[in-house]
Amino acid sequence: MFFIAAPFGNFIQLKNCISVTGTFTLKPRPGRFIQILKTLRYVKTEVGRVWRNQLGLRNPGIIKGIERHKSHNVLSIASLEKDDWNILYDIVPKNINIELNISCPNVNKHPNLIKNFAKDKRKWCIVKVPPNITSKQIDKIVDLGYRQIHASNTVPTEKGGLSGKMVTPHTMKILEYIKNTHSHIEVIAGGGVIDIHSAQKYIDAGADHISLGTVCFTPWKLKVFN
């Protein structure tokens with residue numbers, strides 16, 4: 001299965017892919033397009049040119065997210081304050097597929113994930129993790145009852161998160177650990193996927209599904225995944 005990663009899932013819908021919309025927080029965080037203009041850059045790194053952004057979960061809030069949600073999509077949500085996960089759990093309908101984003105590098109603190117969401121019978125209840133997540137943190141997610149993990153988000157820097165090839169080795173490391181230690185967990189692997197060949201590398205390493213993000217910067221190339 002291919003997923004269109006947030007925030008691209010807000011704008012791209014493909015017949016054979018699941019779009020992840022959001023990421024939505026409890027309260028609105030305005031200024032998305034201004035932040036895109038201010039921070040989105042195509043920069044040089046040791047692995048070549050990659051995209052860098054510092055969007056910081058800019059979004060219209062969870063209520064708008066639910067109003068716009070389509071049943072075949074996955075709703076990405078994130079917690080910023082102490083009680084946000086509990087409040088979001090009460091607000092988000094139990095029949096909506098979700099991705100719990102605990103990975104944004106542009107937000108300083110993420111309160112602990114709660115187990116409530118894992119108990120509901122949703123087809124997709126995904127936890128999106130950061131590239132620098134530790135094995136103990138992965139173990140904790142599994143112990144809470146979550147069975148689907150998305151690895152991983154952008155690599156944090158002082159000027160924003162780096163995507164693309166910068167993410168690949170981190171995702172591979174997370175994927176290897178999960179499949180060797182928690183083989184029952186479904187892994188959605190992403191980072192640097194630009195064609196079928198780069199997706200196949202993750203599949204060969206054990207990934208169950210693929211997240212499409214980097215390729216969405218050149219949307220005409222998405223046709224090979226549709």
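Is the crossing of helices H5 and H6 right-handed or left-handed? In this predicted model, the crossing of H5 and H6 is right-handed. Helix H5 comprises residues 135-143 and helix H6 residues 168-181, and the two pack at an angle of about 50°, with their axes 11 Å apart. On the side of H5, the contact is made by Ser135, Ile138 and Asp139, while H6 contributes Ile174, Tyr177 and Ile178. By class, four residues of this contact are nonpolar, one is polar and one is charged.

The largest pocket has a volume of about 800 Å³, and its lining consists of 38 residues. Of these, Ala6, Pro7, Phe8, Asn53 and Leu55 lie nearest the centre of the pocket. Two or more lining residues are given by each of strand S2 (17-25), helix H1 (32-39) and strand S4 (48-53). The lining of the largest pocket is made up of 16 nonpolar, 18 polar and four charged residues.

A search of the whole structure for cavities of 30 Å³ or more finds one. The largest cavity holds about 40 Å³ of space. The residues that line this cavity are Phe3, Ile4, Ala5, Ala6, Val20, Glu99, Ile126, His150, Ile188 and Ser211. Seven residues of the cavity lining are nonpolar, two are polar and one is charged.

Notes
Residues numbered from 1 in each chain as written. Predicted model: local features only at pLDDT ≥ 70, side-chain atom pairs only at ≥ 80, totals over all residues. Heavy atoms only, no water. 1 Å grid on protein atoms, 1.4 Å probe; cavity = no way out; pocket = protein on both sides within 12 Å on 5 of 7 lines; lining within 4 Å. Points joined across faces, edges and corners; volume = space filled by probe spheres on them. Helix = DSSP H or I, 4+ residues; strand = E, 2+ residues; numbered from the N terminus. Nonpolar A, V, L, I, M, F, W, Y, C, P; charged D, E, K, R; others polar. Axes fitted to C-alpha atoms, helices over the stretch in contact; angles between N-to-C directions. Left-handed = near helix turned anticlockwise from the far one by under 90°. Contact = heavy atoms within 4.5 Å.
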